[in-house]
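I open this notebook page to record what I looked up, entry by entry.

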Amino acid sequence: MAKKTFTVPEQQEALERLSEELLSAVDDTRQACRDYYEDLARAETPTPELAHTVHTAAGCLKRTSANLKRALQETREAEDELSARFTDLRVSKVRKWYLPNPPANAEIDLEEQSTHHFAQGSNLYKLLLVCFVGSFAGVVSELIWCLIKNGYLESRSGLVYGPFNLLYGAGAVILTMALYKYRNRGKWLSFLGGFVVGSALEYVCSWGQELLLGTRSWDYTGVPFNLNGRICLLYSLFWGVLGVWWIKDLYPRMSKWILKLPNKAGKAITLAFTVFFAVNIAVTCVSVYRWTDRVAGNPADSGFWEFVDERFPNERMEKIFANMVFVEDP
């Protein structure tokens, strides 16, 4: 089989020639304007005809400038995407003995489209599966880090049932939604997106938890360049790095595994996990709310809350939410 030879598309070569002609036309326009300036200077009075000519020429140049700015932006985007796609595809072909490089997002896109997969693109099925996997993977990563750093295992769960933390799941979903359209672009866009989106998510989650439950799971008050103790520059930079790692490495690996799910079975699995998480979230909110009440010294005032106290006593809650602290009212 003859080896395929790749050539530069004719449209791109034509675009380059057009840009060279455009530069020449700009030089001619500048010279014509300089000649025109002399005629303007010699004119005794600015007649209506002269004013109309000037306004027409200026409007033409303004519209041309706007078109050129748009062409420049789109050309830069096309160059960035072409270079990024090539780099991602080249890196994806490298095989390591310990862990193969992630598939390129372009490969994932092509396979999803050709198979009409149920979790194609960034649809609801894909986002739900990303949330489930992210909630689990985040807890496992924190457990390993805690073991390495402290020499012991300590719960990092955010839900009462199972090793799941919705902060990581929500982070994975929001990063996917924010960065998906940049998946085939340069890494710098993923870094900026991760920096901004991750910081905003962390701040909102901290604020919401304190507002609704009166608790905090993290506090950066002692860390330099923090904002109300909810976010800080160091961890915002980590979010930026995570944005690149997520959309260029973790997301395509996850999508590759999701592609292995048959359409019918995959939809059923997604539905089952959705129901489980909905129940888990509801039970977690109720148990944490009652835990906060118990810490405040409020006794159970109904059979329902007595049942919650029996099922989720302080000892169990402290074991699940090892890092949670209660915020005192000012």
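Is Cys-205 buried, exposed or partly exposed? I find Cys-205 partly exposed, at 26% relative accessibility, where buried means under 20% relative accessible area, exposed over 50% and partly exposed in between, with a 1.4 Å probe and protein chains only.

Before going on I note that this is a predicted model, in which local features need pLDDT of at least 70, side-chain atom pairs count only at pLDDT 80 or more, and totals for chains, interfaces and linings use all residues. Residues are numbered from 1 along each chain as its sequence is written, and side-chain values use heavy atoms, with hydrogens and water left out.

I then looked for disulfides, taken as pairs of cysteine sulfur atoms within 2.5 Å, and counted zero. The closest cysteine sulfur to that of Cys-205 belongs to Cys-131 and is 11 Å away, too far for a bond. Cys-232 is likewise in no disulfide, its nearest cysteine sulfur being that of Cys-205 at 15 Å, and Cys-232 is buried, with a relative accessible area of 3%.

Next I turned to Arg-290, which lies in helix H8 (residues 263-295); helices are DSSP runs of H or I with at least four residues, strands are runs of E with at least two, and both are numbered from the N terminus. Arg-290 is buried at 3% relative accessible area, and beyond its neighbours within four places in sequence its contacts (heavy atoms within 4.5 Å) include Trp-305 and Asp-309.
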